[in-house]
Amino acid sequence: MKKVLYTIVLLFICSCVIKETKKQEQVINYYKGFENSNYKQLKKTISDSLIITEGDYITSFTSESFYEQFKWDSIFKPVYNLLKLENEDEHIIATVSVRSIRFDFLKNNPLTCRHKFYFKSGKIKRIENLECLDANWGIWEKERDSLVKWIKINHPKLDGFIHDLSQKGAVDYVKAIDLYKNR
């Protein structure tokens with residue numbers, strides 16, 4: 001009887017470890033998709049619908065609309081560095097450092113943040129942005145606002161780039177940064 005009970009407990013512990021390992025692998029592959037500019041790889045890690053929260057802001061994506069977000073992000077040539085993965089109950093907390101053209105301009109490069117990943121049927125269903133450890137939001141806001149104001153006056157055709165989360169919007173954002181730096 002003791003051997004049967006011991007075997008059941010051992011199997012339960014092993015299954016929990018395997019579940020956590022698979023979740024961690026999903027998060028690793030999620031960031032590898034960004035790193036490799038490979039949306040097909042990333043798409044395999046997420047549910048048909050994905051929710052990303054940041055404070056009070058909640059954004060819902062389908063795999064198609066998340067692809068648009070992926071293309072927007074890729075224009076800024078981000079380099080993701082997964083620093084740490086932690087298990088927390090049924091979730092994974094990832095600490096990630098990201099360098100990009102945009103973060104460089106906003107004087108927050110790299111930007112290191114913690115994200116909480118939620119899962120459904122083994123896939124990522126929700127990402128909660130917890131905190132950005134080294135962010136200086138005051139400088140970020142100052143640089144962003146200076147750029148937006150200058151573009152509005154000097155290159156009005158690009159005005160609105162800051163709210164355009166399409167690939168074209170990101171291209172315009174990079175163009176605005178270049179124009180601003182070379183003024």
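Sorted by class, the residues that line the largest pocket comprise 27 nonpolar, six polar and seven charged ones, in what is a predicted model. The pocket holds about 1,400 Å³ of space, and of its 40 lining residues those closest to the centre are Glu54, Gln69, Trp72, Arg102 and Asn129. Helix 5, which spans residues 137-154, supplies the largest share of this lining, namely six residues.

The largest nonpolar core likewise contains 40 residues, among which Tyr30, Phe66, Phe117 and Leu147 touch the most other members. The largest share of this core, six residues, is contributed by helix 6 (residues 167-181).

A search of the whole structure finds one disulfide, which joins Cys113 to Cys132 with an S to S distance of 2.1 Å. The link of Cys113 and Cys132 is right-handed, with 95° about the S-S bond. Because Cys113 lies in strand 5 (residues 111-120) and Cys132 in strand 6 (residues 123-132), the pair ties together parts that are 19 residues apart in sequence. The two cysteines are set out below by accessibility.

| Residue | Relative accessible area | Class |
|---|---|---|
| Cys113 | 8% | buried |
| Cys132 | 22% | partly exposed |

Cys113 counts as buried because its relative accessible area of 8% is under the 20% cut-off, whereas Cys132, at 22%, counts as partly exposed.

Methods: Residues are numbered from 1 along each chain as its sequence is written. This is a predicted model: local features need pLDDT of at least 70, side-chain atom pairs count only at pLDDT 80 or more; totals for chains, interfaces and linings use all residues. Side-chain values use heavy atoms; hydrogens and water are left out. On a 1 Å grid over the protein atoms alone, a cavity is a set of points where a 1.4 Å probe fits but cannot get out, and a pocket is an open set with protein on both sides within 12 Å along at least five of seven lines; lining residues have an atom within 4 Å of a point. Grid points are joined across faces, edges and corners, and a volume is the space filled by probe spheres set on the points. Helices (H or I, at least four residues) and strands (E, at least two) are DSSP runs, numbered from the N terminus. Ala, Val, Leu, Ile, Met, Phe, Trp, Tyr, Cys and Pro count as nonpolar, Asp, Glu, Lys and Arg as charged, and the others, Gly among them, as polar. A nonpolar core is a set of buried Ala, Val, Leu, Ile, Met, Phe, Trp, Tyr and Cys residues joined through side-chain atoms within 4.5 Å. Buried means under 20% relative accessible area, exposed over 50%, partly exposed in between (1.4 Å probe, protein chains only). A disulfide is a pair of cysteine sulfur atoms within 2.5 Å.
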